[in-house]
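Let's walk through this model together, looking at a helix, a strand and some charged pairs. Here is the structure to keep beside you.

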Amino acid sequence: MRQLLLLRHAKSSWDDPSLPDHARPLNARGKRAAAAMAGVMHDLGLAPDIVLVSSARRTLQTLEALAPLPDSPIVEPMDDLYLAPWPRLLEALHSAPETARSVLLIAHNPGLHDLALALAGPAGMAGRAPGTQRLAAGYPTGSLAEFAVAAPWRLLEPGSGRLVRFIAPNDLPEMAG
């Protein structure tokens with residue numbers, strides 16, 4: 001089984017209206033949430049071999065907050081993941097090396113949420129997997145979905161992922177309040 005981790009960038013700042021969207025940084029809450037998610041990933045032993053990340057500042061800063069990742073994964077910043085629709089995100093996953101046991105994709109909504117729903121498929125979303133209802137309701141900033149995938153990366157398609165868990169920053173005690 002392969003592991004696919006889908007992480008939405010943490011909360012970004014709108015403080016500087018002159019900044020282009022691609023250049024918006026994380027805000028203070030986003031930095032805290034990304035650090036909290038790093039702790040969750042560490043506690044769960046989630047260690048990607050490959051990280052595909054949008055080239056936007058907020059996604060790169062979310063990745064920085066996860067550092068150091070175990071085993072120094074290969075990191076590929078990709079311009080075309082910026083605000084990409086889910087079919088483009090799926091296409092990027094198709095290019096992952098077959099030797100990769102775990103892939104982390106850090107991207108944006110609505111594409112990331114749509115990808116997660118597509119991978120789980122209608123049957124998976126109707127099931128009782130932990131986090132299914134939470135995922136159906138939305139994909140908040142800083143949230144992480146973990147999928148188990150049996151197919152080779154190049155054959156990943158809608159309905160071929162099994163949702164293992166879905167965790168949002170607001171689910172974590174350190175983010176309460």
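Buried means under 20% relative accessible area, exposed means over 50%, and partly exposed lies in between, with a 1.4 Å probe and protein chains only. By that cut-off R2 is buried, because its relative accessible area is 19%. The model is predicted, so local features need pLDDT of at least 70 and side-chain atom pairs count only at pLDDT 80 or more, while totals for chains, interfaces and linings use all residues. Residues are numbered from 1 along each chain as its sequence is written, and side-chain values use heavy atoms, leaving out hydrogens and water.

Helices (H or I, at least four residues) and strands (E, at least two) are DSSP runs, numbered from the N terminus. Start with helix α2, residues 57-66, where the buried residues are R58, T59, Q61, T62, L63 and L66. Among the elements that cover them are β1 (2-8), α1 (28-44) and β4 (102-107). T62 has its place in this helix and counts as buried because its relative accessibility is 2%. Leaving aside residues up to four places away in sequence, T62 is in contact (heavy atoms within 4.5 Å) with L7, H9, A10, L26, A34 and I106.

Next comes strand β5, residues 144-149. Six of its six residues are buried, so the rest of the structure largely encloses this strand. L144, E146 and A148 point one way, and A145, F147 and V149 point the other. Two strands pair if DSSP finds at least two bridges between them. β5 pairs with β1 in the antiparallel sense over six bridges, and E146 is the bridge partner of L5. β5 also pairs with β6 (residues 161-167) in the antiparallel sense over six bridges, with R162 as the bridge partner of A148.

Now for the charged pairs. A salt bridge is a side-chain nitrogen of Lys or Arg within 4 Å of a carboxyl oxygen of Asp or Glu. The whole structure holds seven of them, including these:

| Pair | N to O distance |
|---|---|
| R2 and E98 | 3.2 Å |
| R24 and D21 | 2.9 Å |
| E146 and R165 | 2.3 Å |

E146 lies in β5 and R165 in β6, 19 residues apart, and their pair links distant parts of the chain. E146 is buried at 9% relative accessible area, whereas R165 is partly exposed at 26%. Elsewhere, salt bridges that share partners join D21, R24 and R58 into one network.
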